[in-house]
Amino acid sequence: MDSRTHRPPDADAPPWRLDTALALLRHAGLPAPDGEPGSPPYLQALIDQLVALSSRDALTGLANRRNFEMALAREVDRVARSGESALLLLVDIDHFKRVNDTHGHAAGDDVIRAVGRALADSVRPMDLVARIGGEEFAILLPNCPPAFGPQVAGRVRQRVARTQVSVAEGLQLGVTVSVGGAFAPQWVRSTPALWIERSDRQLYRAKSEGRDRVCFEPMAMPQVSLEEREMLLGSSASATSPTPVAQMSQDSPE
C-alpha cells in the first residue's frame, strides 16, 4: 500500500490522502495520531491537531493573529452583552530593528521567543497572549476591572525588563517593551477594529514618549479591595506598590 494513502476500514469509502497533513505535524515536531490510519478516531485526532497547529504562532508557540482576532471578536460581543470589563494590551519590543541589524535575525528570533515567554508568565491562564506580527504582541484580559489595568500592564512591562537574552557566547541582551492599553466599552456594541485602534493609539504614545513605558486611555479608577487585588494579581500583590509607569491621561508629564 502506498504509504501516502490511507484507506478507512470501510472499503466503499474513498481513500484519504493524508501525506501533507502528516508532514505538517512532523515539521511542527508533533507525533502522528494514534489508532488505525483512516479510522474516524484517527481522522478526528488529526483534525484536532491541525486546528491547534493553525491557531499557534510557529516561532513562539503563542496564539497567532487569526486566533487572536477570533477571540477579540468573541470578547467584544461578550462585553456588550454582560457589561463586564475587558482589557486589550498591545506590546511592542523597543528598538527591535537594532537587534536584527547588530546581532542578526537568529538573535532577533531569540529575543521574540524570550519576550513571548515573559508575557505568558506575567498574566493569568485565562488571558490570551498572541504574537500578531513581527515584534508586536497582544494580550487580551477578560474580566479585568479598570482598577487593575495599570498594575497588570506595569507587571508585564517589568517582567520583560528583567529578561536577559543570550545572543552569543558571553553576551546577554536586555529587552524592554512599550505597552498601550484600552478597555472595551461596556454595554456598547463596538468592533474589534475600533478596540485595536484605541490600544494602538496608546502604544504609539508610549513609543513617542520614550519607550519602556505603559500608556492608557484616560479613565476613572475605582477603588478595589485587597482581596480583589490578590485574586487578579496574585498573593504577592499586597506586598508590592503600584507601578509608576502607568499613565492614565493625555496630560501625563511623562
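The talk below takes the labels one by one.

Modeller: This is a predicted model: local features need pLDDT of at least 70, side-chain atom pairs count only at pLDDT 80 or more, and totals for chains, interfaces and linings use all residues. Residues are numbered from 1 along each chain as its sequence is written, and side-chain values use heavy atoms, with hydrogens and water left out.

Biologist: What makes Phe183 and Phe216 an aromatic pair?

Modeller: Rings of Phe, Tyr and Trp (its six-membered ring) pair if their centres lie within 6.5 Å. The centres of Phe183 and Phe216 are 6.3 Å apart, so they pair under that cut-off. A search of the whole structure finds one aromatic pair.

Biologist: Why is the pair of Phe183 and Phe216 called tilted?

Modeller: Planes under 30 degrees apart count as stacked, over 60 as edge-to-face, and the rest as tilted. Here the angle between the planes is 40°, so the pair is tilted.

Biologist: What parts does the pair tie together?

Modeller: Phe183 lies in strand 8 (residues 177–183) and Phe216 in strand 9 (residues 214–216), so the pair ties together parts that are 33 residues apart in sequence. Strands (E, at least two residues) and helices (H or I, at least four) are DSSP runs, numbered from the N terminus. Both Phe183 and Phe216 are buried.

Biologist: Why is Glu69 called partly exposed?

Modeller: Buried means under 20% relative accessible area, exposed over 50%, and partly exposed in between (1.4 Å probe, protein chains only). Glu69 has 37% relative accessibility, so it counts as partly exposed. Arg65, at 38%, counts as partly exposed too.

Biologist: How do you know that Glu69 forms a salt bridge with Arg65?

Modeller: A salt bridge is a side-chain nitrogen of Lys or Arg within 4 Å of a carboxyl oxygen of Asp or Glu. The closest N and O atoms of Glu69 and Arg65 are 3.0 Å apart, so the salt bridge counts. Both residues lie in helix 3 (residues 65–82), four residues apart, about one turn of the helix. The structure holds 15 salt bridges.

Biologist: What makes Asp110 and Arg113 a salt bridge?

Modeller: Their closest N and O atoms are 2.7 Å apart, so the bridge is within the cut-off. Asp110 and Arg113 lie in helix 5 (residues 105–121), three residues apart, about one turn of the helix. Asp110 is partly exposed at 26%, and Arg113 is partly exposed at 28%.

Biologist: Which residues are linked with Glu84 in a network of salt bridges?

Modeller: Glu75 and Arg78 are linked with Glu84 in that network. Between Glu84 and Arg78 the closest N and O atoms are 2.4 Å apart. Glu84 has 33% relative accessibility, so it counts as partly exposed.

Biologist: How do you know that helix 6 is close to its expected span?

Modeller: The expected span is 1.5 Å times one less than the number of residues. Helix 6 (residues 149–161) has 13 residues, and the expected value is 18 Å. From its first C-alpha to its last, helix 6 reaches 18 Å. Among its buried residues are Val152, Val156 and Val160.

Biologist: What makes the phi of Arg211 worth a remark?

Modeller: Most residues other than glycine have a negative phi. Arg211 has a positive phi of about 70° although it is not a glycine. Asp212 also has a positive phi, of about 50°. Arg211 is found in the loop between helix 7 (192–208) and strand 9, and Asp212 is found in the loop between helix 7 and strand 9.
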